[in-house]
Amino acid sequence: MGILNGNPKDEPLHYGEVLGSWAYVGANNGLISGYEGFVNHAGDEELIELLKEAINTMKSENKQLENILKENGIALPPSLPERPKAKAEDIPVGARFMDPEISGAISINVGQALVSCSQVMGQCLREDIAMMFGKFHTDKMLFGFKLLRMNKEKGWIIPPPLHKGSPSH
């Protein structure tokens with residue numbers, strides 16, 4: 001069996017696993033900073049709680065991946081400093097992100113994260129890395145369902161044209 005001896009932790013990462021993990025941490029770093037800014041702009045308490053949940057989840061994911069990257073001698077992607085706290089009321093209305101905009105951006109990010117997790121899982125040779133990204137994928141999916149439910153309840157979804165039946169001939 002050679003270097004792929006059945007114990008994933010003894011197997012080297014291949015370039016796809018390294019790049020997928022490194023890029024995922026880098027993307028999370030940017031999103032964490034952006035979501036911290038969104039917390040300052042948001043007015044809806046449920047949205048603020050979902051933002052905080054997303055931040056905590058991404059920080060946890062990063063910690064796991066950073067440990068693996070460090071163990072394999074890979075330099076970590078840069079991260080941004082934590083944003084200062086601000087009150088939404090102190091941000092001028094025209095300069096402030098509105099709650100539906102914030103929620104829409106998060107929804108797009110969740111969809112992109114699902115694709116990223118699937119891509120890394122599909123190229124993995126190490127089962128432990130594939131399983132880790134599988135868990136990330138499941139967590140994002142469940143978070144996405146909560147976000148979708150909230151968006152529907154608050155009327156923040158702008159649906160595409162809805163198909164109600166086939167045209168008569």
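In this predicted model, Asp-139 is partly exposed, with a relative accessible area of 28%. Its partner in a salt bridge is Lys-135, and the closest N and O atoms of the two lie 2.8 Å apart. Lys-135 is partly exposed as well, at a relative accessible area of 48%. Both residues belong to helix α4, where a spacing of four residues separates them by about one helical turn.

Side chains of opposite charge can pair when their charged atoms come close. In total, the model holds seven salt bridges. One of them joins the side chains of Lys-154 and Asp-44, with an N to O distance of 2.9 Å. This pair links distant parts of the chain, since Lys-154 sits in helix α4 and Asp-44 in the loop between α1 and α2, 110 residues away. Lys-154 counts as partly exposed because its relative accessibility is 30%, whereas Asp-44, at 17%, counts as buried. Salt bridges with shared partners bring Asp-44, Glu-46 and Lys-154 together in one network.

Another salt bridge connects the side chains of Glu-61 and Lys-140 at 3.3 Å, N to O. Glu-61 is in helix α2 and Lys-140 in helix α4, so this pair ties together parts that are 79 residues apart in sequence.

Asp-99 is buried but has no salt bridge, and the nearest side chain of opposite charge, that of Arg-96, is 5.3 Å away. Beyond its sequence neighbours up to four places away, Asp-99 touches His-41, Ala-42, Gly-43, Asp-44, Leu-47 and Trp-156.

We can now turn to the nonpolar residues. In soluble globular proteins, nonpolar side chains tend to be buried together. Here the largest nonpolar core has 19 residues, and among those with the most contacts inside it are Leu-47, Ile-106 and Phe-143. Helices α1 (15-41), α2 (45-71), α3 and α4 (127-154) each supply at least two residues of this core. The largest share, seven residues, comes from α2. Apart from neighbours within four places in sequence, Phe-143 is in contact with Leu-50, Glu-53, Ala-54, Ile-106 and Val-110. A second, separate core has 14 residues, including Val-18, Tyr-24, Val-25 and Met-132.

Finally, helices α1 and α4 pack at an angle of about 35°, with 12 Å between their axes, and their crossing is left-handed. Gly-20, Ser-21 and Tyr-24 of α1 make this contact with Ile-129, Phe-133, Phe-136 and Lys-140 of α4.

Methods
Residues numbered from 1 in each chain as written. Predicted model: local features only at pLDDT ≥ 70, side-chain atom pairs only at ≥ 80, totals over all residues. Heavy atoms only, no water. Buried < 20%, exposed > 50% of the residue type's maximum accessible area, 1.4 Å probe, protein only. Lys, Arg positive; Asp, Glu negative; His and termini not counted. Salt bridge = Lys/Arg side-chain N within 4 Å of Asp/Glu carboxyl O. Contact = heavy atoms within 4.5 Å. Core = buried A, V, L, I, M, F, W, Y, C linked by side-chain atoms within 4.5 Å. Axes fitted to C-alpha atoms, helices over the stretch in contact; angles between N-to-C directions. Left-handed = near helix turned anticlockwise from the far one by under 90°.
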